[in-house]
Amino acid sequence: MKSATSRSLAEIASLVVMLAVIVIFFAQASPVFLTQRNLDNTLLDITTIGILAVFTTMLMIGGGLDLSIGSTVALCGVVIGALQSTWGILPAAGFAIVVGALVGLLNGFLVTYVGINPLITTLGMLSIARGLAFVFSDGLTIPVFDLEGTQIDAYNTFTQFGEGQILGFATPVFVMFTLFIVGMLVLQFTSYGRAMYAIGGNDKASQLAGLSVRRYRMTAYMLSGLSAGIASVLLTSRLYAADPRAAPAMELTVITAVVLGGISLAGGKGTLIGTALGVLILTTLLNGMKLLSTSTDAQNIAQGIVLLVAVGLDQLRTRNINWSRWLRGSRVVPGGAGAKTAAGGD
Amino acid sequence: MSAPLLEMRHIDKSFYGVKVLDDVSIDLFAGETVALLGENGAGKSTLIKILNGDYTRDSGDVMLDGQPVHFAEPRDAEAAGIRMIYQELHYAPELSVAENLLLGRLPHRQGAFGWMVDWNATREKAREALKLLNVDIDPMTKMRDLSVVEREIIEIVKALSRKARIIVMDEPTAALTPPEVQRLFGIIRDLCKQGIGIIYISHRLDEVFQIAHRVTVLRDGKHVGTHPIAEVTHKALVKMMVGRDIEERAEVRKNAAAIQLGEVVLDVEKLSKQGAFEDISLQVRAGEIVGLFGLLGAGHNILTQTIFGVEKADSGQVRIGGQVVQIASPQDAKRAGIGFVPLDRKVNGLVMGMSVRKNITLSNWRTLAPLGIFSQGKEMQNTHHWVDQLGIRMAGGVETHTRYLSGGNQQKVVLARWLEANVRVLLLNEPTWGVDVGARSDIYDQLEALAAKGLAILMVSSDIEEVLTVSHRILTIYKGRLTGEFMQGDATQEKLLHTAAGGVS
């Protein structure tokens, strides 16, 4: 217990320190950074990332990976926009979540039953979902509000998803917090959570222990898609519009944050607390850079670097490299010369 | 007398504070075969890895021709003429024998076509190399078309063609049939005549008496003794390796042979799987331990996997407690009351990055988390029950990751999992592979205790002493067919080996 727990505590602590350093730096650099307004906006801005990160965390602990979440958010939004007048806004929103879940289910099926590598499966789905979003929207941003004035009540309800408040929090923020807490409980106390750690840690052994590895994996992919649907409803409501270009490269941001938070690409380890910190660190960094009028390009570069550094550290940790031996590599060791003599002497 | 070819003196080595080699010495003269014996975990492989430069020793000396040497890397050992031939061979199956022999140093043409391989020269060079051992193999044959022993011979030729002085062979006969073993021994004798020193690692004592000049025995990381082979007996060697008389245990077991057997629990009828096994019928009663003995690749491992639903059978059926069960997956098997302790617990048995507790309860969520939420108290209580019952020892309590447990304790965790799942039938694949002596004895005791409680146990093993020690009844399998059945009192090593090699019982 000591070793495992203290190591994950050390990881959490280092993330907290990292966050503190970034906050202090930007607080010095930008007068706007610590204002209530900026903090509120930032928090609202990260809800999409945060919601997706909860489910990406569970999926990745189970050894999966989903690159299609950003495109799925866009696709679900377009579904709302396209169906709002014929189906009514609320059924359209509900259906969007179903579409998200179906996309996830298809991913899961292809990965677990057909056996396509998750990276390839969801990369393909990334392209398909984005393409469909453009097809269903003719490439245009669809306004999502009561154009005809026939469903006033329904649209008022829908608007609440993005702009309402629950217990003093903006609804999306509340939803995000709730999902984080529920996610933590699920990972900690339920058989579903335990299954994610087990199959991510060793799917072969889990299968031989009698777990239905495929079903658990499929469920995790399905939930990942479902979370894209939920995030999409909140986003569309908040923006009054469905944009086929929405959530660009969002999967990249989410995976960067999650890996930064200590989730391993190999699966089997990590916590949602780590993910929460990863999300905060990454988004704070990007927000701070924005406030300092850094270009989006520079932000992209920074995000890419964070991803590579986080994955690189994860790799080194997983492989448990023997540094002393690595460093010694080419150096002459005591007695090494003797070995050469002996070899040459025959 | 000239200095020995190789001398390793007073070698110490610890991993994470655990001493795995304690003042171990071994020497080897040119033209000699020394057998290195010891149970799993005795330190043989660590010693060899130090010789090969994979590990560095903590203290002690390694001398070649009386000169101290230090190998920091396998490359250094190779330069000094030391060759390893591992149980698992590394070769390119689609390439020819010649290419495999000369890989990385294929001869090239002269002049403008210097970038092209000179195939004639390749063939000639390979032929020369093969002549070193008088081997009659066409150098242009593809590696995959050779038999196992031929591949092993190619590996030896490869070692020789690069100026070997010492060849270490790790269980080279594990996958060989008796005639192939004799062929290999002929080659080993030739090597000795050429002045090469051989370190021969094997579990099979009869082989050691045939081929070795001297024998060095290790136990629990200590040097037990080195003797000329003519001065030791089979029994004495076993005692040196195990530290006690194995027969004693068998005596105890024989007295207990009047065990009350219950009804048939596992009933396998005419189970067949193409290319693996055919027409297998066997029964295991409640309270019975049936040993299934076969040489590597005889089909016994796939048989248990098939009963457990990992592999699919082509025909035949399985009954549990008289009921025909359809088992298409491990989940089905678990539901039917079958547990499975697989080969290679690190890969197939345990989630190494998860705690002892979570590994023990991994197959019993139905009871511990009926609605998907774990009953924490009950889980902890059951975990402690099995930890006490099986004597699972770990440094940091039940939350320790199984990665940090010793092999024997890891195996007990896998065992505990199926007990926690309350199975009626337990299938075991090589249950003490890589388990040290003490824990091995513990596991045998546990299996007996479990059988006494009415569990039906089918144990697959390639370890003849294990089969003889633990089983009430022994079946032998050869090329996918059952070839013999012995009650414990009647079985002998000779009989088992005979039938397991295809002889008529």
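**Notebook: salt bridges in a predicted model**

I looked up B:D58 and found a relative accessibility of 47%, which makes this residue partly exposed. My cut-offs are buried under 20% relative accessible area, exposed over 50%, and partly exposed in between, using a 1.4 Å probe and protein chains only.

The model is predicted, so I keep in mind that local features need pLDDT of at least 70 and side-chain atom pairs count only at pLDDT 80 or more, while totals for chains, interfaces and linings use all residues. Residues are numbered from 1 along each chain as its sequence is written, chains are lettered from A, and side-chain values use heavy atoms, with hydrogens and water left out.

I then checked the partner of B:D58, which is B:K13, in a salt bridge of 3.9 Å, N to O. B:K13 lies in strand β1 (residues 6–15) of chain B and B:D58 in the loop between α1 (44–51) and β4 (59–64), so the pair ties together parts 45 residues apart in sequence. Helices (H or I, at least four residues) and strands (E, at least two) are DSSP runs, numbered from the N terminus. B:K13 is buried at 8%. A salt bridge here is a side-chain nitrogen of Lys or Arg within 4 Å of a carboxyl oxygen of Asp or Glu.

Next I looked at B:E379 and A:R194, whose side chains meet in a salt bridge of 2.9 Å, N to O. This pair crosses between chains, from helix α15 (residues 376–390) of chain B to helix α9 (residues 191–201) of chain A. B:E379 is buried at 0%, and A:R194 is buried at 3%. I noted a network of salt bridges linking A:R194, B:R357, B:E379 and B:E399.
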